[in-house]
Amino acid sequence: MNIYGKMIKLRALELEDMEYLREIINDPEIESLVGGWSFPVSKKEQEDWYYKIYNDKRNLRFAIETKEDRIIGMADLRNLDWKNKSASHGLKIGNKDYRGKGYGTDVVMTIMRYAFNELGLNRLECYILDYNIASQKLYLEKCGWKLEGRRRKSIYKNNKFHDQLIAGILKEEYEELLLKTNYWGE
Ligand SMILES: CC(C)(COP(=O)(O)OP(=O)(O)OC[C@H]1O[C@@H](n2cnc3c(N)ncnc32)[C@H](O)[C@@H]1OP(=O)(O)O)[C@@H](O)C(=O)NCCC(=O)NCCS
């Protein structure tokens with residue numbers, strides 16, 4: 001089942017998406033905004049990664065497509081914990097032309113609806129670099145997530161250690177957000 005937001009669709013990753021994802025992962029600007037590794041990724045490594053993850057139901061990865069069927073990034077739900085009903089979440093909008101236009105908000109709203117209302121989860125969390133202002137606004141100001149803590153000096157980049165903020169949201173807080181914003185117009 002594909003997952004539909006108001007502006008985007010989340011669908012399974014395809015082998016053909018790997019070159020696009022490799023571009024995102026190898027882009028220094030995007031890499032500087034997320035907490036991952038700083039190694040160049042080859043075509044072969046990227047394709048091997050696809051075969052490694054494509055049947056992994058504990059870590060779900062989605063291609064983000066616009067309504068015009070254009071891939072603009074990737075979102076995930078990782079470390080799905082069925083007993084405690086929680087998962088971590090990450091998001092990258094690769095095409096810079098598509099940033100600041102509400103796509104990120106729609107992805108997070110869609111991920112929350114899917115996680116809470118379809119998968120039966122109760123909690124989502126993510127880590128945000130302390131200087132990633134767009135991401136803090138997206139999660140903490142627009143999408144109802146709460147600041148839960150700080151992983152001090154957990155990421156080393158550009159000759160410096162940086163803090164990561166821990167942000168989280170519970171199902172009941174998502175429901176309160178909907179009462180306030182009526183995001184889905186229901
Ligand atoms: C963070 C990211 C996902 C946001 O997605 P987006 O589509 O640009 O987000 P939206 O357009 O829905 O904007 C949400 C809010 O973020 C803020 N925002 C967006 N871009 C911003 C920027 N460049 N600077 C400051 N605030 C910004 C705005 O306050 C906006 O709210 P508004 O519409 O009321 O003004 C996107 O910028 C991205 O993928 N960045 C690179 C990778 C990354 O940082 N991933 C997140 C790791 S935790």
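**View A. Helix 1 against helix 3.** Helix 1 crosses helix 3 in the right-handed sense, that is, with the near helix turned clockwise from the far one by less than a right angle; helices here are DSSP runs of H or I with at least four residues, and strands are runs of E with at least two, numbered from the N terminus. In this predicted model, local features need pLDDT of at least 70 and side-chain atom pairs count only at pLDDT 80 or more, whereas totals for chains, interfaces and linings use all residues. Residues are numbered from 1 along each chain as its sequence is written. The contact (C-beta atoms, placed from the backbone, within 7 Å) joins Met-18, Leu-21 and Arg-22 of helix 1 to Lys-43, Gln-46, Glu-47 and Tyr-50 of helix 3.

**View C. Strands 5 and 6.** Strand 5 (residues 86-93) pairs with strand 6 (residues 123-129) in the parallel sense over 3 bridges, and Ala-87 stands opposite Leu-124 of strand 6.

**View D. The shell around the ligand.** The ligand is surrounded by 22 residues, each with its C-beta atom, placed from the backbone, within 6 Å; the closest are Ile-93, Arg-99, Gly-104, Thr-105 and Ala-134. Helix 5 gives the largest share of this shell, 6 residues, while helix 2 (28-33), strand 5, helix 4 and strand 6 are among the elements that each supply at least two.

Note on methods. Contact = placed C-beta atoms within 7 Å. Pairing = 2+ DSSP bridges.
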